[in-house]
Amino acid sequence: MAYDSDAQRLLVLTPPPQNQTWIFDAEGWGWQRLHTNHPDDRPGSAPLVYEEHLRRFVLFGVLDPASQQSNRTWVFQDGLWQQLLVENPPEVVGGCAEMTYDPIGERVLLLASDGNSAGLAYTYALENNRWEQLNAPPLPAVLPGGACPLGEMTYDASDQRALYFGGAYDESEFLGPNLWELREDGAASTGWVELGLEFLRPSPLQHNFPYSQSGILTFRYSPRYRRSMLVIRDDTTGLTM
């Protein structure tokens with residue numbers, strides 16, 4: 001799911017066997033199915049973002065028809081899905097990828113793992129239809145051996161920084177969830193910096209929520225409140241916050 005800030009609507013691409021594209025317009029007709037083509041790959045849980053300066057949606061890292069991992073990039077624009085012929089596509093294994101859009105740099109940021117044994121995730125940027133790996137040390141955010149419990153990424157437009165919230169690992173030891181910031185100095189990235197959980201302030205709007213699994217529900221920047229908002233579920237308390 002991704003939000004089109006120009007048309008002020010949500011877009012959802014459903015997985016097989018439906019393979020359908022839906023939009024939600026809160027000011028109009030609610031949910032509507034778009035009768036369009038769909039990517040040849042299987043979208044599954046592949047990350048989807050809206051690229052504001054080009055007014056298009058970007059989808060990455062879906063499964064191909066043989067259920068093998070694909071590093072293809074697709075875009076949805078003018079009512080059609082098209083495979084984007086990009087240079088230097090990242091090698092990603094197991095659907096292990098998260099994306100966000102950087103409106104300041106006018107680029108899509110990707111955090112992804114290539115299935116390396118160290119459990120590391122690398123950072124890439126999509127600019128001018130070309131993927132480039134950033135000069136940033138990898139983030140220990142993936143279980144060694146390729147299992148992929150990646151968290152969520154967002155871009156905080158107020159502070160002009162990319163944020164990641166999720167688990168970190170040291171070999172096979174789970175270090176717990178944490179908050180990370182991507183810091184850059186000009187064209188050279190200095191990498192992911194651990195901020196710590198003290199940067200998270202619980203919301204006074206905690207409430208029960210009908211969701212059956214513990215974990216991160218969403219991590220998004222709210223232009224209305226000018227802050228990044230993290231929604232997590234704790235089944236031990238039954239709270240969403």
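Leaving aside neighbours within four places in sequence, which residues is Met99 in contact with? They are Pro47, Leu48, Val49, Val58, Phe60, Val108, Leu109, Leu110, Trp131 and Met153. Contact means heavy atoms within 4.5 Å.

## Basis of the model

This is a predicted model, in which local features need pLDDT of at least 70, side-chain atom pairs count only at pLDDT 80 or more, and totals for chains, interfaces and linings use all residues. Residues are numbered from 1 along each chain as its sequence is written, and side-chain values use heavy atoms, without hydrogens or water.

## Nonpolar cores

Met99 is among the residues with the most contacts inside the largest nonpolar core, as are Val58, Phe60, Val108, Leu110 and Trp131. This core has 17 residues. At least two come from each of β6 (56-60), β9 (97-102), β10 (107-112) and β11 (122-127). Another core, of 14 residues, lies apart from it and includes Leu111, Ala125, Leu134 and Tyr164.

A nonpolar core is a set of buried Ala, Val, Leu, Ile, Met, Phe, Trp, Tyr and Cys residues joined through side-chain atoms within 4.5 Å. Buried means under 20% relative accessible area (1.4 Å probe, protein chains only).

## The four-stranded sheet

An open sheet runs in the order β1-β2-β3-β4, with antiparallel pairing. β1 (2-4) and β4 (30-34) are the edge strands; each has a single partner, so one side of each lacks a neighbour in the sheet. Strands are DSSP runs (E, at least two residues), and pairing takes at least two DSSP bridges.

β1 and β2 (residues 9-13) are joined by 3 bridges. Tyr3 has Leu10 as its bridge partner, and Asp4 stands opposite Arg9. In their hairpin, 4 residues lie between the strands, and Gln8 takes a positive phi near 55°. Next, 4 bridges join β2 to β3 (residues 21-25). Here Leu10 stands opposite Phe24.

Terms used. Buried means under 20% relative accessible area, exposed over 50%, partly exposed in between (1.4 Å probe, protein chains only).
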